[in-house]
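Hi,

Here is the structure I promised to send over. Have a look at it first, and then read on for what turned up.

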Amino acid sequence: MPNRFLLCVLTALLLLPLTGLTADEKPLPRVRVGALGFGTVSWELEVIQSRDLAKKHGIDLKIVPLGSGDAYIVALQGGAVDVMVGDWIWVSRQRAESNLYTFAPYSNAVGAVMVKPDSGIRQLADLRDKKLGIAGGPSDKSWLLLRAYAQRKLGVDLTQFAKPTYAAPPLLNELVLRGEVDAALNAWNYAARLEVGGMHALIEMPEILAGLGIDKPIPLLGWVFRDDWAAANSAAIKGFLAASYEAKAILAGSDAQWDQIRPKMRAENDAVFKALRAKYRAGIPVCSDPNSIAAVAATFKILADTGGEKLVGRSKGLTSGTFWPGFSLPPCKTD
């Protein structure tokens, strides 16, 4: 990875001053993080643990294993964890209902619509009457953005133009490889596996966002935690975010570190392992454009217009405070 990335991350770490006492003076503040045992979040947490980055940044990290994506929200709302990975749609919706959660960027990694070379599908219009598999459900944000893109570019409603089928990500990969669906909109780590299997991207999220007028990279996932917990544990959350971004810097530059976390990745072969590594690195947030929040707000409006109240609840726009003001990445450099 370019040295510029490492410099940006080190700068980000310097923006997170720690005010807690050392381990010799009193026990380190504990941060409980919810994570799936073999999910992509666990890769970064493994680096934090193996490199002892939590202690370095003044915290005692406790990883709380969770069994499913839904368990994240239950654990956070029930107070079983302090931090989880989520999206700003959920955070904004919660804030609109006076549940004051907040968000710090974790990943820009994005999915894609994947097709086989012999599918005959060369452009979005070729999805007419085709079976399109979508990871998750009707309110998946990637699906909603693709629908908005198709409406703007083709003047069609993909829910009627194509034949959408919803499935969990692993099952969706099986369905498209077996030819039971013609195309698959899946998360980045599953799309990487399809790419290794000989498929290619029909359209990826950056192109979709650009077509909707969003020309800035935006974090789609972030660390989510409560406002009041962050206020009462300022040193702890800053220490955790510093450890998180130091782990990202290590993963960006060290192939040897990837070899160490490979068992967590469950990569079927070397090609999948390398594809996952490359996609993860491409999704690491490295800087923040002054207009990034405006780009997120514009994306939120598109999602709200497409997904409606079922997705965003009472939130009419990106709610103030959705992005935690205690953390920011270094500004992006312009040419």
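To start with a question: is α6 largely enclosed by the rest of the structure, or largely open? Keep in mind that this is a predicted model. Of the 14 residues of α6, ten are buried, so the helix is largely enclosed by the rest of the structure. The buried ones are K141, S142, W143, L144, L145, L146, R147, A148, Y149 and A150.

The length of the helix checks out too.

At its start, a side-chain oxygen of D140 comes to within 3.1 Å of the backbone nitrogen of S142. Just after the helix, G155 has a positive phi of about 70 degrees.

With a relative accessible area of 0%, L146 counts as buried, because the cut-off for that is under 20%. Apart from its neighbours within four places in sequence, L146 is in contact with V113, L124, L132, L158, L185, I203 and I208. Take I208 from that list: L146 and I208 are 62 residues apart in sequence, yet their C-alpha atoms are 6.5 Å apart in space.

Now for a pair of helices elsewhere in the chain. A quick reminder: two packed helices are described by the angle between their axes and the distance between the axes. Here the pair is α2 (residues 41–50) and α13 (residues 255–265), whose axes come within 10 Å and cross at roughly 130 degrees. That angle is the reason α2 and α13 are called oblique to each other. The crossing of α2 past α13 is right-handed. On the α2 side, the contact is made by S42, W43, E46, V47 and S50, and on the α13 side by Q257, W258, I261, K264 and M265.

Last, a loop residue next to that pair in the sequence numbering. S254 sits in the loop between α12 (234–253) and α13. Is S254 buried or exposed? Its relative accessibility is 17%, so S254 counts as buried. Leaving out the neighbours within four places in sequence, S254 is in contact with R51 and R281.

Happy to go through any of this with you on screen.

Cheers

Methods:
Residues are numbered from 1 along each chain as its sequence is written. This is a predicted model: local features need pLDDT of at least 70, side-chain atom pairs count only at pLDDT 80 or more; totals for chains, interfaces and linings use all residues. Side-chain values use heavy atoms; hydrogens and water are left out. Buried means under 20% relative accessible area, exposed over 50%, partly exposed in between (1.4 Å probe, protein chains only). Helices (H or I, at least four residues) and strands (E, at least two) are DSSP runs, numbered from the N terminus. A polar contact is a pair of N or O atoms within 3.5 Å; within protein, one must be able to donate a hydrogen and the other to accept it, and residues adjacent in sequence count only if both atoms are side-chain atoms. Axes are lines fitted to C-alpha atoms, for helices over the stretch in contact, and angles run from 0 to 180 degrees between N-to-C directions. Angles under 35 degrees count as roughly parallel, over 145 as roughly antiparallel, 65 to 115 as roughly perpendicular and the rest as oblique. A crossing is left-handed if the near helix is turned anticlockwise from the far one by less than a right angle, and right-handed if clockwise. Contact means heavy atoms within 4.5 Å.
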